[in-house]
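Dear colleague,

I am passing on the structure we spoke of, together with notes on what was found in it. Please look through the model first and then read on.

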Amino acid sequence: MTTLDATSFLDTLQLSKLVDTEKLNEVMAGFAGNTDDSQEVSQFLISQNIINDFQAKSLLAGKHKGLKIGPYVILKKIGAGGMGVVYLAEHQKMHRKVALKVLPEDRTNDKLALERFYREQIPYCAKRERG
């Protein structure tokens, strides 16, 4: 896996929208380490609870898409199967953790896959409402 340089890492973090620029600048002002070392920068941001290990690995690999889905911040991958990937996610405002199932993009135009995906969610949602 290729690791980004520190500048590209920070640019990728900003593209992810996991943290706003003002907060990132504020936190980075307290960084006394090597600003050219992306691993050191990422470990510092983890220690400051700005990102977590899962997010750091994705960002260091240059991947920023999918770390934030709507109001949810992806915390880690907790499972995968034929119908998609399940992540532990946290609602940004409510700070409520949920399991978030995501259908792969290449399956979103497949009518049968979409029907199955939605059908799998109905029993879970009904169960949650009952109790």
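How much accessible surface does the chain have, and what share of it belongs to carbon and sulfur atoms? The accessible surface comes to about 8,800 Å², of which 50% belongs to carbon and sulfur atoms, with areas taken from the Shrake-Rupley method with a 1.4 Å probe and, for residues, only the protein chains shown counting as cover.

Please keep in mind that this is a predicted model, in which local features need pLDDT of at least 70 and side-chain atom pairs count only at pLDDT 80 or more, while totals for chains, interfaces and linings use all residues. Residues are numbered from 1 along each chain as its sequence is written, and side-chain values use heavy atoms, with hydrogens and water left out.

Overall, the chain has 5 helices and 4 strands, in the order α-α-α-α-β-β-β-β-α from the N terminus; helices (H or I, at least four residues) and strands (E, at least two) are DSSP runs, numbered from the N terminus. The C-alpha trace spans about 50 × 30 × 20 Å along its principal axes. Of the 131 residues in the chain, 31% are buried, where buried means under 20% relative accessible area, exposed over 50%, and partly exposed in between (1.4 Å probe, protein chains only).

Helix α1 covers residues 6-16, and its buried residues are A6, F9, L10, T12, L13 and S16. Seen down the axis of α1, these residues fall within an arc of 160°, so they line one face of the helix; the arc is that of the directions from the helix axis to the C-beta atoms. The face turned away from the buried side carries the exposed residues T7 and L15. The buried residues of α1 pack against α2 (21-28), α3 (38-47), α4 (53-60) and β1 (68-69).

Leaving aside residues up to four places away in sequence, F9 touches L4, S38, V41, S42, L45, I51, A56, L59 and L60, a contact being heavy atoms within 4.5 Å. S42, which is found in helix α3, counts as buried at 1% relative accessibility, and on the same terms of sequence separation S42 touches F9, I51, A56 and L60.

There are 2 aromatic pairs in the structure. In one of them, the rings of F31 and F44 have their centres 4.9 Å apart and their planes at 50°, so the pair is tilted; rings of Phe, Tyr and Trp (its six-membered ring) pair if their centres lie within 6.5 Å, and planes under 30 degrees apart count as stacked, over 60 as edge-to-face and the rest as tilted. F31 lies in the loop between α2 and α3 and F44 in helix α3, 13 residues apart, and both are buried.
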